Amino acid sequence: NMGAVQLLVDKATLLPVHVQEQLLDYADFLLERHGIVPAETEEEELDEETKALLQERSADFKANRDKAVSAEKVIQELKAKYQK
């Protein structure tokens, strides 16, 4: 329904950029949840700040493995929070 799509776009443009990014993440989540695979998307290159953050998190994880939370636990918590 193009009317609904246009309403969504109109409302999304009113949101701050950081909320628009959350909306995009949620749209990706919904596509995945419903088994919809969008046409090929281009690989996004990570910027240096993101690479540094990931390296820092990796080093922290390796130094504190005993405090790590399993992926399964994180997934369960996300499903409990968002699947209603």
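## Reading salt bridges and helices

Guide: Let's start with a contact in this predicted model: the side chains of Glu48 and Lys51 meet in a salt bridge, 3.6 Å from N to O.

Visitor: Why can Glu48 and Lys51 pair up along helix H3, and how far apart in helical turns are they?

Guide: First the general idea: an α-helix has 3.6 residues a turn, so residues three or four places apart point the same way. Here, Glu48 and Lys51 are 3 residues apart in helix H3, which puts about one helical turn between them.

Visitor: Is Glu48 buried or exposed?

Guide: Glu48 counts as exposed because its relative accessible area is 59%, over the 50% cut-off. Lys51 has 29% and is therefore partly exposed.

Visitor: Which other residue forms a salt bridge with Lys51?

Guide: That's Glu45, with the closest N and O atoms 3.4 Å apart. Glu45 is exposed too, at 64% relative accessible area.

Visitor: How many salt bridges does the count come to?

Guide: The count is 3.

Visitor: How do I read the geometry of helix H3?

Guide: Compare its reach with the span expected at 1.5 Å a residue. H3 covers residues 48-63, 16 residues in total, and runs 23 Å from first C-alpha to last, close to the expected 22 Å. At its start, a side-chain oxygen of Asp47 comes within 3.1 Å of the backbone nitrogen of Glu49.

Visitor: Which residues make the nonpolar surface patch?

Guide: Val69, Val74, Leu78 and Tyr82 make it, and the patch is about 360 Å². Take Val74 as an example: this residue lies in helix H4, residues 71-82, and is partly exposed because its relative accessibility is 35%.

Visitor: And what is the radius of gyration of the whole protein chain?

Guide: The chain has 17 Å, whereas a compact globule of 84 residues would be near 12 Å. Its C-alpha atoms fill a box of roughly 50 × 35 × 25 Å along the principal axes. Buried residues make up 1% of the 84. As for secondary structure, there are 4 helices and 0 strands, giving the pattern α-α-α-α along the sequence. The accessible surface is about 8200 Å², with 56% of that belonging to carbon and sulfur atoms.

Methods: Residues are numbered from 1 along each chain as its sequence is written. This is a predicted model: local features need pLDDT of at least 70, side-chain atom pairs count only at pLDDT 80 or more; totals for chains, interfaces and linings use all residues. Side-chain values use heavy atoms; hydrogens and water are left out. Patches are made of residues with over 30% relative accessible area and no salt bridge: like charges are joined within 9 Å, nonpolar side chains (Val, Leu, Ile, Met, Phe, Trp, Tyr) within 5 Å. Accessible areas come from the Shrake-Rupley method with a 1.4 Å probe; for residues, only the protein chains shown count as cover. A salt bridge is a side-chain nitrogen of Lys or Arg within 4 Å of a carboxyl oxygen of Asp or Glu. Helices (H or I, at least four residues) and strands (E, at least two) are DSSP runs, numbered from the N terminus. Buried means under 20% relative accessible area, exposed over 50%, partly exposed in between (1.4 Å probe, protein chains only). The expected span of a helix is 1.5 Å times one less than its number of residues. A polar contact is a pair of N or O atoms within 3.5 Å; within protein, one must be able to donate a hydrogen and the other to accept it, and residues adjacent in sequence count only if both atoms are side-chain atoms. The radius of gyration is taken over C-alpha atoms; the globule rule is 2.2 Å times the number of residues to the power 0.38.
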